Amino acid sequence: MSAVSVFRPAVQEGFEWVLPTDDVDFEVFRSFDGTSRASRWKPVLVRVLRFDEHGEPRHPADLPWLGSHVLVLKARAVDAVGDLLRESGELLPLACDDTALYVYNPLRVIDALDEDHSELVRFGSGRVMTIARHDFVADKLLNANIFKIPQMLRGSFYATNEVVSAIEEAGLQGTLFEKVWTKVS
């Protein structure tokens with residue numbers, strides 16, 4: 001028996017975060033919608049949040065948290081999983097004063113969400129606001145490793161077993177991946 005699982009990123013408490021120095025730049029990351037940015041990319045100025053709101057130090061992160069819609073990587077993470085990530089997206093440099101950072105822009109958009117079997121919360125217009133329970137069409141996930149879905153282009157990206165296993169095997173920390181769906185065949 002084999003299983004296909006889909007994961008989405010989740011914050012790992014106590015680890016470093018990355019924040020744009022200008023709040024307006026959050027929109028740059030929210031706008032990642034499956035289209036390439038490499039040819040016109042200007043590195044966004046960010047800072048690493050190394051202390052929590054009480055002044056306590058955060059643990060160093062290979063994948064510091066910025067949000068579920070993007071993945072930020074330090075050089076160690078790029079060395080470990082960069083080639084795998086580039087199969088479905090692009091690594092774009094960020095501008096940071098004290099460490100090399102990259103943001104991952106997933107370029108694969110796969111219409112794999114099974115809307116009839118998922119639990120969706122919709123806006124009045126019918127557009128999907130959030131997904132309370134995911135169900136995917138397994139056949140559409142063949143050879144997928146990181147992807148976005150058209151129903152939530154500005155929302156979370158998703159990763160399959162291959163990416164999550166590679167991250168775990170490399171011992172990368174800072175972002176968790178919560179399983180949102182599994183299909184055993």
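Colleague: Where is the place of Asn143?
Modeller: Asn143 lies in the loop between β8 (128-133) and β9 (146-147); strands are DSSP runs of E with at least two residues, helices are runs of H or I with at least four, and both are numbered from the N terminus. This is a predicted model, in which local features need pLDDT of at least 70, side-chain atom pairs count only at pLDDT 80 or more, and totals for chains, interfaces and linings use all residues. Residues are numbered from 1 along each chain as its sequence is written, and side-chain values use heavy atoms, with hydrogens and water left out.

Colleague: Is Asn143 buried or exposed?
Modeller: Asn143 is exposed, with a relative accessible area of 73%; exposed means over 50%, buried under 20% and partly exposed in between, using a 1.4 Å probe and protein chains only.

Colleague: Turning to the core, which residues touch the most other members of the largest nonpolar core?
Modeller: They are Leu71, Leu73, Leu85 and Phe177, in a core of 19 residues. Such a core is a set of buried Ala, Val, Leu, Ile, Met, Phe, Trp, Tyr and Cys residues joined through side-chain atoms within 4.5 Å.

Colleague: Which element supplies the largest share of this core?
Modeller: The largest share, 5 residues, comes from α2.

Colleague: And what does Phe177 touch?
Modeller: Leaving out residues up to four places away in sequence, the contacts of Phe177 include Phe7, Leu71, Phe157 and Ile167; contact means heavy atoms within 4.5 Å.

Colleague: Where is Ser5?
Modeller: Ser5 is in strand β1 (residues 3-11), and at 3% relative accessibility Ser5 counts as buried.
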